[in-house]
Amino acid sequence: SLYYTYNFLKSADIKNYLDGYTNSLRNGMDFTNIIKKSLKNNAILFVIIAVASFFKHGFLISAFFLVRKGFISAFTTSAMIDVYGFKGLTLAIGSVSETLVFIPLLCFFSAISAFVSKNRHTFEKRDKIIYIIFLMVVFTIFCGCALLEGVTTTTFMKWLAFKVT
């Protein structure tokens with residue numbers, strides 16, 4: 001959010017982009033397409049962090065993608081608040097349902113991935129099997145978050161878009 005404040009505050013380009021976004025929300029969206037894109041993005045993120053956990057410095061990759069997701073969320077929220085004021089905060093709250101599950105899960109997954117990356121040589125066969133089961137559970141939750149983002153978040157944001165603009 002600080003990056004946004006110092007570089008884009010009162011920028012007409014951001015306002016035009018967000019106006020286009022809210023207009024597209026009001027005009028209707030293809031939930032199937034949004035779910036597919038969200039599944040693809042979450043799957044790619046999952047694979048990158050999971051693969052990184054098998055390398056010595058994979059914890060750096062996990063940390064990078066965790067910071068990246070936080071940066072994107074904060075930047076988007078800051079832009080909405082700047083452009084629409086209190087109504088922008090209301091619009092940003094529309095994505096909370098997915099964020100309340102996904103961001104903590106991503107933090108937890110990144111931390112476990114970093115732990116595995118740093119200690120992978122000391123793991124026994126049993127530990128590796130437990131980690132693979134953990135990966136399957138996390139992947140399932142990542143897919144659930146994609147569905148949540150595609151349905152719940154989009155529904156809330158569409159409803160809120162009518163209130164904001």
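**Figure 1. Tyr 84 is a buried residue of helix H4.** Tyr 84 has a relative accessibility of 13% and therefore counts as buried (under 20% relative accessible area; exposed is over 50%, and partly exposed lies in between, with a 1.4 Å probe and protein chains only). The model shown is predicted: local features need pLDDT of at least 70, side-chain atom pairs count only at pLDDT 80 or more, and totals for chains, interfaces and linings use all residues. Residues are numbered from 1 along each chain as its sequence is written, and side-chain values use heavy atoms, with hydrogens and water left out. Helix H4 spans residues 58-84; helices (H or I, at least four residues) and strands (E, at least two) are DSSP runs, numbered from the N terminus. The C-alpha atom of Tyr 84 is separated by 9.2 Å from that of Leu 18, although the two residues are 66 apart along the chain.

**Figure 2. Helices H4 and H5 pack against each other in a right-handed crossing.** Their axes are 6 Å apart and meet at an angle of about 145°; axes are lines fitted to C-alpha atoms, for helices over the stretch in contact, and angles run from 0 to 180 degrees between N-to-C directions. A crossing is right-handed if the near helix is turned clockwise from the far one by less than a right angle, and left-handed if anticlockwise. Helix H4 contributes Thr 77, Met 80, Ile 81 and Tyr 84 to the contact (heavy atoms within 4.5 Å), while H5 contributes Phe 86, Lys 87, Gly 88, Leu 89, Leu 91 and Ala 92. By class, the residues of this contact are seven nonpolar, two polar and one charged. Here Ala, Val, Leu, Ile, Met, Phe, Trp, Tyr, Cys and Pro count as nonpolar, Asp, Glu, Lys and Arg as charged, and the others, Gly among them, as polar.

**Figure 3. Helix H5 has its buried residues on one face.** Within H5, which covers residues 86-93, the buried positions are Gly 88, Leu 91 and Ala 92. Viewed down the helix axis, the buried residues of H5 fall within an arc of 100°, so they line one face of the helix. The arc is that of the directions from the helix axis to the C-beta atoms.

Figure 4. The structure contains 10 aromatic pairs. Rings of Phe, Tyr and Trp (its six-membered ring) pair if their centres lie within 6.5 Å; planes under 30 degrees apart count as stacked, over 60 as edge-to-face and the rest as tilted. With ring centres 5.0 Å apart and planes at 55°, Phe 46 and Phe 139 form a tilted pair. Phe 46 is buried, at 9% relative accessible area, whereas Phe 139 is partly exposed, at 31%.

**Figure 5. Phe 109 and Phe 134 form a tilted pair.** The ring centres of Phe 109 and Phe 134 are 6.1 Å apart and the ring planes stand at 45°. The pair links distant parts of the chain, 25 residues apart, with Phe 109 in helix H6 (residues 96-119) and Phe 134 in helix H7. Both residues are buried. Phe 109 and Phe 134 belong to one aromatic cluster, which also includes Phe 46, Phe 54, Phe 102, Phe 108, Tyr 131, Phe 139 and Phe 142.

**Figure 6. Asn 42 is a buried residue of helix H3.** Its relative accessibility is 7%. Apart from neighbours within four places in sequence, Asn 42 touches Phe 102, Phe 142, Cys 145 and Ala 146.

**Figure 7. Leu 106 and Ser 110 are buried positions of helix H6.** The relative accessibility of Leu 106 is 0%. Leaving aside neighbours within four places in sequence, Leu 106 is in contact with Leu 45, Ile 49, Phe 65, Leu 66, Lys 69 and Phe 142. The C-alpha atoms of Leu 106 and Leu 66 are separated by 6.7 Å, and these residues are 40 apart along the chain. Ser 110 has a relative accessible area of 4%. With neighbours within four places again left aside, the contacts of Ser 110 are Ile 49, Ser 62 and Leu 66.

**Figure 8. The protein chain has seven helices and zero strands.** Of its 165 residues, 32% count as buried. Among contacts between residues at least 6 apart in sequence, 86% join residues at least 24 apart.
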